[in-house]
Amino acid sequence: MTHAMQKGSNIPVTSVAVRAVLRWTGGPEVPDVDASALLVGPDGRVRSDEDFVFYNQPRHPSGSVWRLGKKQIGEAVTDAVQADLRAVPAVVDRILVVASAEDVPFEQVRDLRILLYDATATGASEPVAYFDVRPETGAETALICGELYRRGEGWKFRALGEGYSDGLVGLATDHGISVDENASEAASEGASASAGAAGPTSEQTAAMHPPTPPVPQQTPTPQTQAPPAAQPAYGYPQPVSPVPVPAPGGDPAFRLPVQGPQFIRR
């Protein structure tokens, strides 16, 4: 039986592994949405930046939580995170399931829903529960859609829908993650510049390279602009097994720099 949840309601989680799926209706004016997860203690804060599972760090070092990546199903788009609740460190009290859009308000995201599945079930299965996430103001660029939390010896799931207008930076800072906003902005500006169709302006070129005397009888060679660098595909698909237990430690290639998370895809 699938539970249709209301904001603030909760249900017991009886499975040892669950999959939280964010689903929305895509379209030309709809922003791309990313799923992520924060593993926080009883104080609501992370122990370190490694407790943030997102597109640049898709696997928790404990192997207990990881991203599954995006899928297109007709007009719907999904992104998901999965958790093996048996492997969650004992100091972790809650796992927050987050949806974020890059500087685009969620009022432009249609039909956002979080669905909770039993990840140990084989084959197609109905969700255990779902919650239609509706932003309170529409200006939010990050939303805590729901949370898995400990209750005694077991776990429960609560529907939330709490938003942040300052996106992942605000949400991460609020939960104890160190963020180097200057580095993030510089990296974002560099990515925007490299993605542009035109190169540096004539003023920038002149500043970087002082003028040189003309060479007689030499025909200038037209410059060919290099094609833009290929962008990595969104998501990091992981195989789903009846009781998936990824290798402990995750993939060191996705560790964050010491100054904190960089909220741009790379």
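**Strand pairing and aromatic contacts**

Strand E12 (residues 142–151) and strand E13 (residues 154–164) are paired in the antiparallel sense over nine bridges, where strands are DSSP runs of E with at least two residues, numbered from the N terminus, and two strands pair if DSSP finds at least two bridges between them. The model is a predicted one, in which local features need pLDDT of at least 70 and side-chain atom pairs count only at pLDDT 80 or more, while totals for chains, interfaces and linings use all residues. Residues are numbered from 1 along each chain as its sequence is written, and side-chain values use heavy atoms, with hydrogens and water left out.

Arg150 has Trp155 of E13 as its bridge partner. Both E12 and E13 belong to an open sheet of six strands with antiparallel pairing, in the order E2-E13-E12-E9-E4-E5. Strand E2 (10–13) and strand E5 (52–53) stand at the edges with a single partner strand each, so one side of each is left without a neighbour in the sheet.

Two aromatic pairs were counted, under the rule that rings of Phe, Tyr and Trp (its six-membered ring) pair if their centres lie within 6.5 Å, with planes under 30 degrees apart taken as stacked, over 60 as edge-to-face and the rest as tilted. Phe52 and Phe54 form a stacked pair, at 4.6 Å centre to centre and with 10° between the planes. Phe52 counts as buried at 0% relative accessibility, and Phe54 is buried with a relative accessible area of 0%, buried meaning under 20% relative accessible area, exposed over 50% and partly exposed in between (1.4 Å probe, protein chains only). Phe52, Phe54 and Tyr55 form one aromatic cluster.

Notes. Helix = DSSP H or I, 4+ residues; strand = E, 2+ residues; numbered from the N terminus.
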